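Dear colleague,

I am passing a structure on to you with this message. Please look through it first; my findings follow below.

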Amino acid sequence: MLKLIDYPSYFDLVNLPLPEGREGILNALEADKLISATQAGKWHITNLGAILFAKKLQDFQHLARKAVRLVQYKGNSRVETVRELEGNKGYAVGFEGLIDYLKTLLPSNEEIGKAFRKEVPMYPELAIRELAANAIIHQDFSLTGTGPMVELFDTRMEITNPGIPLVDTDRFLDSPPRSRNEALASFMRRINICEERGTGIDKVIFQTELYQLPAPLFEVTEHHTRSVLFGHREFAEMDKEDRIRACYQHCCLKHVNREHMNNKSLRERFAIAEKNSAMVSRIIKDTVHAGLIKPYDADAGTKAMRYVPHWY
């Protein structure tokens, strides 16, 4: 059993010293329900212990397909694959390695400052971490033959997990935390991979706005949930759907922070000059017509009007 799971990493991640004797190791793992004793005096590795700390998930037949797959494509279609990798470690011991490897594959944009040039990541690392952690934690383990997948294209990243979300995608920002895998989520929170506070998507939206990226897309298929991060696009390159989605998410982010969206705040989100405020007014009008936001104070003047999400 101790050959199959990476028990030293367990003690590292929970900041405990490694016990000197085997009995101390077994007692600690049992206390966290990573292993369980049998009446015959033997030990079982629990599903939780295997999915978190397996040295090789392929050693556990029923969990082998739950390893994270990473696929990189040439261009923006799935026609030509550059590389495909399948993780083999448990989520707790393999998560940092996944993020580090992703960062080596992602291109950087060169930003020219006043005195020097610097490399800026194509996507904010915090957004990647949150979406990858969400895909792992909120997946539906009852769906067999499929697992979390990260796909890299030239101008976007897609992170997919089995299972449909427990809340509507339009309410990702404000809904209280819910997880179908509570023990997994709880342990991932203990080792600082997730929070269990329901603020992960808030951080994703905040980071994409900070990096001046198009708004992320959250979509649901028949059996899967997919999150899409887009590379940088100038405002003129965004289509109407991109702008409406960004306006709605910006309004939701303001609302959960107990603030209101207005023309000025949306101008800042898109980095649009004040003289072009009419362009922003058009986006707000389109988003209202789409039924995603509504005026908070309908009697206010156009420039002073504030907006809230449609569900408020």
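Please note that this is a predicted model.

I begin with the protein as a whole. Its 312 residues are 47% buried, and the chain forms 10 helices and 12 strands. The C-alpha trace spans about 75 × 40 × 40 Å along its principal axes. Among contacts with a separation of 6 or more, 58% join residues 24 or more positions apart. The accessible surface amounts to about 16,600 Å², and carbon and sulfur atoms contribute 49% of that area. As regards charge, there are 42 positive and 42 negative side chains, and the centres of these two sets are 1 Å apart.

I would next draw your attention to helix α5, which runs through residues 125-137. From its first C-alpha to its last, this 13-residue helix reaches 18 Å, close to the 18 Å expected at 1.5 Å a residue. Helix α5 is mostly covered, with 10 of its 13 residues buried. Among the buried ones are the charged residues R129 and E130, as well as I128, L131, I136 and I137. What do the buried residues of α5 pack against? Their partners are the helices α4 (91-105), α6 and α7, together with the strands β8 (156-162), β9 (217-220) and β10 (224-230).

A further point concerns D6, in the segment before α1 (7-13). D6 is buried but has no salt bridge. The nearest side chain of opposite charge belongs to K55, at 6.0 Å, whereas a salt bridge would require a side-chain nitrogen of Lys or Arg within 4 Å of a carboxyl oxygen. Leaving aside residues up to four places away in sequence, D6 touches F53, K55 and V93.

Finally, two residues deserve a look for their backbone angles. Most residues other than glycine have a negative phi. N192, however, has a positive phi near 65 degrees, and A271, which is not a glycine either, has a positive phi of about 60 degrees. Where are these two residues placed? N192 is in the loop between α6 (182-190) and α7 (200-210), while A271 lies in the loop between α9 (263-270) and α10 (277-289). Are they buried or exposed? N192 is exposed, with a relative accessible area of 65%, and A271 also counts as exposed, at 57%.

With kind regards

Methods:
Residues are numbered from 1 along each chain as its sequence is written. This is a predicted model: local features need pLDDT of at least 70, side-chain atom pairs count only at pLDDT 80 or more; totals for chains, interfaces and linings use all residues. Side-chain values use heavy atoms; hydrogens and water are left out. Helices (H or I, at least four residues) and strands (E, at least two) are DSSP runs, numbered from the N terminus. Buried means under 20% relative accessible area, exposed over 50%, partly exposed in between (1.4 Å probe, protein chains only). Contact means heavy atoms within 4.5 Å. The expected span of a helix is 1.5 Å times one less than its number of residues. Accessible areas come from the Shrake-Rupley method with a 1.4 Å probe; for residues, only the protein chains shown count as cover. The place of a charge is taken as NZ of Lys, CZ of Arg, CG of Asp or CD of Glu.
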